[in-house]
Amino acid sequence: MIKETDGDDYEAARSLNQELTFQDTEHFFAEEHILLGQEQKRTLGLVSEDGVFTNLGLLLSDQCIHTAKLAVFQGSSKTVFKDRAEFSGSLFRQMEEIYAYIDRFNRTRAEFPGLKRVDTRDYPPEAVREAMLNAIVHRDYSYSASTLISIFDDRIEFVTLGGLPKGIAMSDVMMGVSVPRNRRLANIFYRLHLIEAFGTGMLKIKECYAGCSCQPSVETSENAFKITLPNVNYEAETTSQKAPLFKREQRILEFISAKQPVSRAEIETATGLSQSVTVRTLKKLLELRLIQKSGGGKNTVYFQEKESDDDEEHKN
């Protein structure tokens with residue numbers, strides 16, 4: 001209530017830390033061929049008219065105190081951790097490192113509906129980009145808690161501090177209405193061509209999932225905003241993994257598991273299957289991700305990925 005009535009502007013307020021450096025931000029500006037000297041810092045709001053660093057300057061400085069935490073979970077719940085990371089430094093550094101980290105887990109599924117191979121990422125890269133930028137640009141930095149990003153097998157969740165601005169409904173946001181909480185920060189990201197000026201982020205996310213059976217969702221509370229991006233490949237993968245295997249597929253899978261790594265010729269000898277049948281069966285097992293292969297040509301071998309010690313410990 002105090003924040004709503006006292007006219008406080010977090011971005012323009014004096015930073016408690018006045019020993020700020022901007023190596024990351026200056027490098028990012030330089031890549032876009034935009035000058036960031038003292039005069040530009042004043043114009044953009046990093047420095048006040050009194051010549052002191054503002055909170056906006058703190059956000060873009062190497063000494064930024066706000067962080068983002070990312071966790072990767074096994075399955076669709078938060079029972080088992082697979083990996084975790086925390087990102088600090090200027091918002092530009094966090095932006096680049098978060099996107100690169102998520103991209104490591106954004107797998108590509110290959111299908112052959114006809115003669116041509118069709119690759120589909122688990123999450124549309126443009127949707128990931130927009131959801132991440134929304135979490136950075138529109139969060140309420142007057143709170144000290146971290147932005148939270150959770151990666152599950154079937155979805156990614158972006159939880160941002162700060163609910164919708166007063167007077168704005170969720171239906172307004174989905175229609176493209178934009179009322180930035182951090183007006184100066186949004187202006188800088190706009191100048192750097194990272195975001196659009198007219199609230200197109202949510203519209204772009206919806207467009208990325210056009211025609212998909214699964215759709216992104218948005219949840220809001222008084223103090224938080226959550227965007228959930230579903231894994232577009234998850235349903236197809238789980239359906240194919242549950243499909244029963246033919247006897248020859250099961251025979252080959254059992255042989256690989258017992259003798260790995262093995263060549264195609266070894267599989268043919270052990271199972272008595274023809275070369276053409278073996279090739280087709282191996283191709284299907286690879287598509288189902290039940291086996292993997294390495295090498296090339298005559299040196300190609302097939303194997304099953306062994307579980308890590310961490311996975312074994314979680315099961316125990």
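**Salt bridges and sheet packing in the predicted model**

Being three residues apart in helix H6, Glu126 and Arg129 are separated by about one helical turn. In this predicted model, their side chains form a salt bridge with an N to O distance of 4.0 Å. Both residues are partly exposed: the relative accessible area is 33% for Glu126 and 22% for Arg129. Salt bridges with shared partners link Glu126, Arg129, Glu130, Glu196 and Lys204 into one network.

The sheet is open and contains six strands in the order S2-S1-S5-S6-S8-S7, with mixed pairing. Strand S2 (81–87) and strand S7 (217–220) each have a single partner strand, so one side of each is left without a neighbour in the sheet. On average, neighbouring strands are turned by 15° against each other, direction ignored. Strands S6 (residues 155–161) and S8 (residues 224–230) pair in the antiparallel sense over seven bridges, and Ile156 has Leu229 as its bridge partner in S8.

Helix H5 (residues 91–104) packs on the sheet, touching S1, S2, S5 and S6, and its direction makes about 165° with that of S2. Helix H6 (residues 125–137) also packs on the sheet; H6 touches S5, S6 and S8, and its direction makes about 170° with that of S8.

The salt bridge count comes to 19. One of these joins the side chains of Asp83 and Arg104, at 4.0 Å from N to O. Asp83 belongs to strand S2 and Arg104 to helix H5, so the pair ties together parts that are 21 residues apart in sequence. Asp83 is partly exposed, at 27% relative accessible area, whereas Arg104 is exposed, at 57%. Asp154 and Arg155 also meet in a salt bridge, at 2.9 Å; Arg155 is buried, with a relative accessible area of 18%.

Definitions and conventions: Residues numbered from 1 in each chain as written. Predicted model: local features only at pLDDT ≥ 70, side-chain atom pairs only at ≥ 80, totals over all residues. Heavy atoms only, no water. Pairing = 2+ DSSP bridges. Helix = DSSP H or I, 4+ residues; strand = E, 2+ residues; numbered from the N terminus. Axes fitted to C-alpha atoms, helices over the stretch in contact; angles between N-to-C directions. Contact = heavy atoms within 4.5 Å. Buried < 20%, exposed > 50% of the residue type's maximum accessible area, 1.4 Å probe, protein only.
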